[in-house]
Amino acid sequence: MDIEAIWVSVELAAFTTLMLFLLGLPFAYWLSVTRWRLKFLLESLVVLPMILPPTVLGFYVLVAIGPMSPLGRAYEHMTGHALAFSFQGLLLASILYSMPFAVRPFAAAFASVDRRLIEASWCLGVSRIRTFLQVACPLSWAGIVTGLVLSFAHTLGEFGVVLMVGGNIPGVTRTISIAIYDEVQAVNYRGAAMASLVLLASSFIALSVTHLLNRKGGHGA
């Protein structure tokens with residue numbers, strides 16, 4: 001079993017989940033409380049990676065961070081390294097690809113919070129940030145944890161986007177899903193089976209945790 005590939009996958013999943021927590025949580029809260037007429041466009045963009053082929057998303061991300069793009073040139077100028085086919089570029093693609101698995105559960109949890117509690121907090125002079133942290137988040141903990149677990153598990157098993165944006169660089173962008181593909185190509189089914197078992201077990205545990213949290217959240221409501 002390729003332990004190095006497993007570590008890269010775990011590291012990628014952990015950083016992706018952390019970034020989605022920091023960025024996706026306030027964004028999901030805003031989606032749940034805003035009355036902006038065009039918010040459906042943003043909601044569509046969030047869900048788009050779920051129905052878009054991973055290779056298509058990977059291609060556009062690769063173009064956006066490539067050496068000919070403004071972002072790619074700026075990053076290379078600041079760091080001296082290309083963003084494409086790097087762990088940082090792979091992280092950016094993973095955040096975009098796993099976004100719906102975090103933002104949708106976050107937003108659904110926030111939407112289930114009694115709107116009167118949020119408005120009562122505002123009327124009492126509590127700032128919107130404190131209301132978000134002290135009222136909305138504690139009441140939405142099950143949905144938040146569900147989004148984090150799903151994001152981690154989804155990122156752990158990425159293949160198409162990983163291969164398009166990160167390539168297959170051992171110790172840098174070679175993840176467990178790519179390792180499985182390489183093992184099958186090399187007709188090493190034993191190695192592929194062992195690596196696949198890791199993803200199967202992690203996916204099963206993630207789904208079990210989310211179902212358990214949803215049951216507890218439903219009973220507590």
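1. V187 sits in the loop between α10 (176-185) and α11, where helices are DSSP runs of H or I with at least four residues, strands are runs of E with at least two, and both are numbered from the N terminus. Its phi is near 60°, a positive value in a residue other than glycine. V187 counts as exposed, at 56% relative accessibility, where exposed means over 50% relative accessible area, buried under 20% and partly exposed in between, with a 1.4 Å probe and protein chains only.

2. This is a predicted model, in which local features need pLDDT of at least 70, side-chain atom pairs count only at pLDDT 80 or more, and totals for chains, interfaces and linings use all residues. Residues are numbered from 1 along each chain as its sequence is written, and side-chain values use heavy atoms, leaving out hydrogens and water.

3. The chain has a mean pLDDT of 89, with 97% of its residues at 70 or more; pLDDT is the predictor's confidence in each residue, from 0 to 100. Confidence is lowest in helix α11 (residues 189-220), with a mean of 81, and highest in helix α5 (residues 87-112), at 94.

4. F85 lies in the loop between α4 (70-79) and α5, and has a positive phi of about 60° although it is not a glycine. Most residues other than glycine have a negative phi. At 42% relative accessibility, F85 counts as partly exposed.

5. An unreviewed UniProt entry lists several stretches as "transmembrane region", among them residues 85-111 and 159-181; such annotations may be inferred rather than shown by experiment, and the positions follow the numbering used here, with feature names shortened. Residues 85-111 are 93% helix and 0% strand, with end C-alpha atoms 38 Å apart, whereas residues 159-181 are 57% helix and 0% strand, with end C-alpha atoms 9 Å apart.
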